[in-house]
Amino acid sequence: MKFTLSWLKDHLDTDASLEEIVERLTMIGLEVEEVTNRADRLKPFRIARVLEAEQHPNADRLRVLKVDTGEGDPIQIVCGAPNARAGLVGVLGKPGDYIPGLDVTLSVGKIRDVESFGMMCSERELELSDEHTGIIDLAEDAPVGMSYAEWAGLDEPVIEIGLTPNRPDCTGVYGIARDLAAAGLGKLKERSREQIRGTYACPVDISLDFGDTKAMCKAFGLRMVKGVKNGPSPKWLQDRLTAIGLRPINALVDMTNYITFDQGRPLHVFDADKVHGNLTVRRGRTGEKIDGLNGKSYDVDDTICVIADDNGVESLGGILGGEPSGCTEDTVNVLIESALWDEDDIAATGRKLGVNTDARYRFERGVDPDYMMPGLEYATRMVMDLCGGEPSETIQAGAVPDSTNIVEFPYSEVKRLAGVEFSLAEINLALKSLGFWISGSGDTVKVAAPSWRPDIEGKADLVEEVVRIIGLERVPFTPLPRTGTVNQKVLTTSQIRRNKARRALATRGFNEAVTWSFISAEQADLFGGGASELALANPISPEMSDMRPSLLPGLLAAAQRNADRGFGDVALFEVGQIFLDDTPEGQKMVATGVRRGTAKLQGAGRHWSGAASNVDVFDAKADAEAALAAIGAPVDRLQIYTDAPDSFHPGRSGCLKLGPKNTLAVFGEIHPRLLQKLDIEGPLVAFEIYLEALPQPKGKGGRSKGAMNASDLMPVRRDFAFLVGKEVVAETLLKAARGAEKNLISNVTLFDIYEGQGVPEDQKSVAIDVMLQPRQKTLTDEDIDAVAKKIIANVEKATGGTLRG
Amino acid sequence: MSNLDTLESELLTAIDGANDEATLEDVRVHALGKKGKISEQMKTLGKMTPDERQVMGPALNGLKAKITDAISARKDVLAEAALETRLASEKVDVSLPLRPAAAETGRIHPVSQVIDELTAIFADMGFSIAEGPDIETDELNFTALNFPVGHPAREMHDTFFFNEKTDGDRLLLRTHTSPVQIRTMRTQEPPIRVIIPGRTYRCDSDQTHTPMFHQVEGLVIDKGSHFGHLKWVLREFCKSFFEVDDIKMRFRPSFFPFTEPSMEVDIQCDRSGGEVKIGQGEDWLEILGCGMVHPNVIRNCGLDPDVYQGFAWGMGIDRIAMLKYGMPDLRAFFDADVRWIQHYGFRPLDLPTLFGGLSS
């Protein structure tokens, strides 16, 4: 919402400075977004007269002008404007001046060998309008040498406020003035209540016809003014409209725009001679069309409210007038419309057709119903003042709804919600000056909201009005009482796990990324997602269309982006949500990491102490286990499975599970086919940890760690080497060895794997180091031999292998 | 006697001349071994007269002791020299650079760090952390929050929608963290004090808007918390978060469908130096929206607004991170450029606490 300072002062009697007004507007909730003054940019431009206009010697379409600047000798200017002529009074820019519409700073130039010492400007070049058919052509008596902006009345602040959707009353300058007056910044001037007598019956009738469907128009006022003389509106009106960015069209149309911004009351004018028969407000019919005043054509249907005559649709009610019945400079008889429309229907139609107009903006927020007919009177007065003519009587269809809205208001509500004590006098004054009526006495009164405040719903709204007008700064800072105990744990298990996984991974050299929750449909498909219920209906781009089923696609793409910038050895992780379906339960938290190139735990790339090798599946496994350990998973009890998802290399990946059905993590090399499809280069390894798959930790219980059970006896170590089939997995062998004598065997380490000479072709040699920890007595040779025999027997049985001789 | 003098000087010269332990050992054997010069002389003592023995005994023993000491001293000298030689040969270039430790190169994303900072501050004021799903219903994202169907306020949200289901229901990506207010009030008995951090989504993209961003919401519901408390909570938060002793704040009336009265909050800042400095200067910077929870919202959660009351506020986590830590561009938050993460990220063990300072 934009307006000029003088426009505001039409309605507000005030001595306040611009700064005070701006400050107060902001502090009562009408936030000032910008104050501009067109004169600031136009300061250097002065009025000048063309003394001579000679043909340019070397160019047909150029002229060489001698221009009187009001001081010193006339200057020479080369000009291409068709209207450049001797005697023209226009606006001159000189070398050094910045031309806003061209975004250039003038300098002395030579055009086709003739020197030019400035420029006569068009309106577009000065950003005054889109006019560019010629240079500005002022009245002959315009004072040469004077500042153009000052002479043209452009030297005025334009205030723009960001209006919140609850304040339709401030879509007009008058409403803004009312708020400022209530806030003590001046006195609101009475607006005209003139009722103009019609001298004849309105020859065009109006009816609302919605049959048995919901009425989309509540009421409609209409009047004809005949014998008007339309034409350009006067300068003051044009200036106001251009100041707030509207284009003057003709007096009748400008009048409607003016009242829209002055009173927040949109109107429409029909050229009565182009209206055929009477007007009916009704639902549109499929197949009907309207050519709007904005130059666009719209198809209507029965969800759209139209004003029609015998010819068909003439207007989109409350949104946009039609071109065929619009007013032009030739209009002689005009029909003025002031109507009330259903807010929701206006919003729905505007959205459906994609039309944004100043009328829609106001009607969908709710205009003052009680001002419908006064607005029509005001419009009539303006038409008669600007264009003359003779008014008909007014006619009205429908009924203006009763806007009475009375709220029971206990004064104590101010203290209860706002935490501040104001006097009753202050409260009453604030409400009354905004147009509220107060009746009754005592602790609770009845407050009637004015018709222009549809946002007032209950007590809380009145509290807002009171503190808004009296001042939020008067509410004292009040400490929130402490809860009475030392605060308990405030995070949920899931939150704690995310934090622990995050910090654990970062200590392993990972950089934390935050990537988009949505990915392309192709990526989603490749990683097991792509369900239609997780695809956005209105994605911002095809790359961000589907909710992610995994963090891998985002991180793999990120790794590649870094590689493309020259940083190929990256370790990235993210802790975030994935979406398995569209329910709250289908949203899971995971911690996912990727290592690329040689980004190993010990460091990446070449180094004097030894070059890092490419990342491999065991790096990913180590990361996964470290993060699982950090979140409290029993890492030594997890089982390794090899059924990782298809996104991983089938032979170089695994799952860490707690029981066959509960996967806590997957890890491995990314499948080469997938990398190829995604156009991503490896080597790339990754893991994904399902943070919520781990069962909740046991409830309260003690925090004691129990006594330490360390033996004083020396442990004994024995090495064994077995020949086993190549397909035998290490875990089988280790488990067999560990299980041979659980009370004695404290640790089994696999320290060598060998294939090749000396070992049969389909076999491998696996060497383990077994630590025996005696508890009661030192082990004898016989004891140790007995355990060794058990270990050998267990391993041979489990693996089908033999002790290597 | 002169024999002994000659022997002594001969042996001492040999000891001094021994440059390694082997040579020194040869000298020792030559002097003190079974057949050594001194041992041989000792053997002659038995054949001497008592008078001769009286003289020669002490002389020989004195010589033996002197030579033994000299050998021992020489041994120490040689051992010291040998160690020196070894040390000299063992010298390395300690200026060789190491590989940086993983725990020193890993980084926490600023959004995570700032959420931890928020947690530390609000936990101290008795708040817990609540969360909710990103995929929401229209009811929880809008209707229950007092956004009437078709109201223009809904359009300010640029909502991402999913496809309509067969029953006409249409899910959406939450446009703010406020639906979690409803979820919390519907499941938790007051008094309620929670903050709600999380991802939010709007179809909007430019330098200061990304289609996904992070918000944190606060909610207090009980029987007496009012706007004065809200002002205090937000001021304490701003001081604590921006780590300044004092900060001027400006509460401006505004409009949000789910609060009444509603306010926007500006904090004092200084823009003169090219970067924004919080807590000094004469400019204002808008950082959050807040208000008393609208009676309709309280009612929509099954509570009586004449009994229960409270306040809520919301702000952008990315935005306050940018203000505090100086990132110029929001879009970079989600680009995963390691150079950016290294520059703006946090060391893994720098956990923000109030007792240790949030960021120091």
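This is a predicted model: local features need pLDDT of at least 70, side-chain atom pairs count only at pLDDT 80 or more; totals for chains, interfaces and linings use all residues.
Biologist: Understood. What confidence does chain A average?

Modeller: The average pLDDT of chain A is 93, and 100% of the residues score at least 70.

Biologist: And where in chain A is confidence lowest, and where is it highest?

Modeller: It is lowest in helix α3 (residues 38-42) of chain A, with a mean of 85. The highest value, 98, belongs to strand β30 (residues 511-512) of chain A.

Biologist: Let us turn to chain B. How many helices and strands does chain B have?

Modeller: Chain B contains 13 helices and 10 strands.

Biologist: What is the radius of gyration of chain B?

Modeller: Chain B has 43 Å, whereas a compact globule of 360 residues would have a radius of gyration near 21 Å. Along the principal axes, the C-alpha atoms of chain B fill a box of roughly 135 × 50 × 40 Å.

Biologist: How is chain B divided into domains?

Modeller: The assignment gives domain 1 (2-88) and domain 2 (108-344) of chain B. Taken over C-alpha atoms, the centres of these two domains of chain B are separated by 93 Å.

Biologist: What share of chain B counts as buried?

Modeller: Of its 360 residues, 44% count as buried. As for contacts in chain B between residues at least 6 apart in sequence, 64% of them join residues at least 24 apart.

Biologist: Is strand β10 of chain B enclosed or open, and why?

Modeller: Strand β10 (residues 309-316) of chain B is largely enclosed by the rest of the structure, because 7 of its 8 residues are buried.

Biologist: Which strands pair with β10(B)?

Modeller: Strand β5 (residues 212-222) of chain B pairs with β10(B) in the antiparallel sense over 8 bridges. Strand β9 (residues 283-293) of chain B also pairs with β10(B) in the antiparallel sense, over 4 bridges.

Biologist: What stands opposite B:Gly314 in those pairings?

Modeller: B:Glu217 stands opposite B:Gly314, and B:Gly289 is likewise a bridge partner of B:Gly314.

Biologist: Changing topic: how many residues of chain A are in contact with chain B?

Modeller: There are 76 residues of chain A in contact with 66 residues of chain B.

Biologist: Which element gives the most to that side of chain A?

Modeller: Helix α13 (residues 459-470) of chain A does, with 6 residues.

Notes
Residues are numbered from 1 along each chain as its sequence is written. Chains are lettered from A and ligands numbered from 1 in the order in which they are written. A residue is buried if 20 or more other C-beta atoms lie within 10 Å of its own, exposed if 12 or fewer, and partly exposed in between; C-beta atoms are placed from the backbone. Helices (H or I, at least four residues) and strands (E, at least two) are DSSP runs, numbered from the N terminus. Two strands pair if DSSP finds at least two bridges between them. The radius of gyration is taken over C-alpha atoms; the globule rule is 2.2 Å times the number of residues to the power 0.38. Two residues are in contact if their C-beta atoms, placed from the backbone, lie within 7 Å. pLDDT is the predictor's confidence in each residue, from 0 to 100. Domain bounds come from an automatic or database domain assignment.
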